[in-house]
Amino acid sequence: MVNRTPLTSEEEAVWRPLMRVVTVLPRALDDQFAHDNGVSLTDYTVLVSLSEAPEGRLRLTDLAESTALSLSRISRVVEAMVRRGLVKKVKCPQDRRAAHATLTELGRAKLAAAYPGHLERVRTFLFDHLSPEEVRAAGPILARLAAALEPPDGPGCPDDQT
């Protein structure tokens, strides 16, 4: 049965600021990325995911999973990034029905240019407001919350081959 008990004052004191951070932080990061580098936060997330992947490429299903976007959304994002020369799309050698997104040199350069400003904003918006003890405490708490949001069988859909 669903628990419909109202949040306690302590729970509200966590929930409301969390929702504000979840809403405002991505918008603030996105605005700054667009202003400074001509990329969106989503573009940056794709570039980071590809840069951290073996050989700088991921299947679109894996890229969707790593960016927390739907497969249709990541497909549109990748197509737009292909048109701008930041990534290229190649057929998967093992499964010609599937596609990989691959980081281009321009994409690597855009990521390198965006990183210093991103680092500054993350520090300004988040870590400058926390003590080292709070940072150490927050990591495991946020990891546990993130894990609770994953599907029961883990992230992704193993049968999805796109």
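Student: Which residues does Asn37 touch, not counting residues up to four places away in sequence?

Tutor: Asn37 touches Gln32, Lys110, Ala113 and Ala114. Contact here means heavy atoms within 4.5 Å. The model is predicted, so local features need pLDDT of at least 70, side-chain atom pairs count only at pLDDT 80 or more, and totals for chains, interfaces and linings use all residues. Residues are numbered from 1 along each chain as its sequence is written, and side-chain values use heavy atoms, with hydrogens and water left out.

Student: Why is Asn37 called buried?

Tutor: Its relative accessible area is 14%. Buried means under 20%, exposed over 50%, and partly exposed in between, with a 1.4 Å probe and protein chains only. Asn37 is therefore buried. Its place is in helix α1.

Student: Why is Arg121 called buried?

Tutor: Arg121 has a relative accessible area of 6%, so it counts as buried. Arg121 lies in helix α5. Leaving aside neighbours within four places in sequence, Arg121 is in contact with Leu29, Gln32, Phe33, Asp36, Ala114 and Leu126.

Student: What makes a set of residues a nonpolar core?

Tutor: The members are buried Ala, Val, Leu, Ile, Met, Phe, Trp, Tyr and Cys residues, joined through side-chain atoms within 4.5 Å. The largest such core has 24 residues. Those with the most contacts inside it are Phe33, Val46, Leu47, Leu50, Leu63, Val78 and Met81.

Student: Which elements give two or more residues to this core?

Tutor: They are α1 (9–37), α2 (41–52), α3 (60–67), α4 (71–83), β3 (99–103) and α5 (105–125). The largest share, five residues, comes from α2.

Student: What does Val46 touch, not counting residues up to four places away in sequence?

Tutor: Val46 touches Leu63, Thr67, Ile74, Val77 and Met81.

Student: Why is Glu55 called exposed?

Tutor: Its relative accessibility is 64%, so Glu55 counts as exposed. The place of Glu55 is in the loop between α2 and β1 (57–59).

Student: Why is Ala68 called exposed?

Tutor: Ala68 has a relative accessible area of 71%, so it is exposed. Ala68 sits in the loop between α3 and α4. Phi of Ala68 is near 60 degrees, a positive value in a residue other than glycine.

Student: What share of the protein is buried?

Tutor: Buried residues make up 26% of the 162 residues. The protein exposes about 11000 Å², and carbon and sulfur atoms supply 59% of it. Such areas come from the Shrake-Rupley method with a 1.4 Å probe; for residues, only the protein chains shown count as cover.

Student: Which residues does UniProt list for "domain: HTH marR-type"?

Tutor: The unreviewed UniProt entry lists residues 11–147. UniProt positions are given in the numbering used here, feature names are shortened, and annotations may be inferred rather than shown by experiment. In the model, the span is 71% helix and 9% strand. Its end C-alpha atoms lie 20 Å apart.

Definitions and conventions: Helix = DSSP H or I, 4+ residues; strand = E, 2+ residues; numbered from the N terminus.
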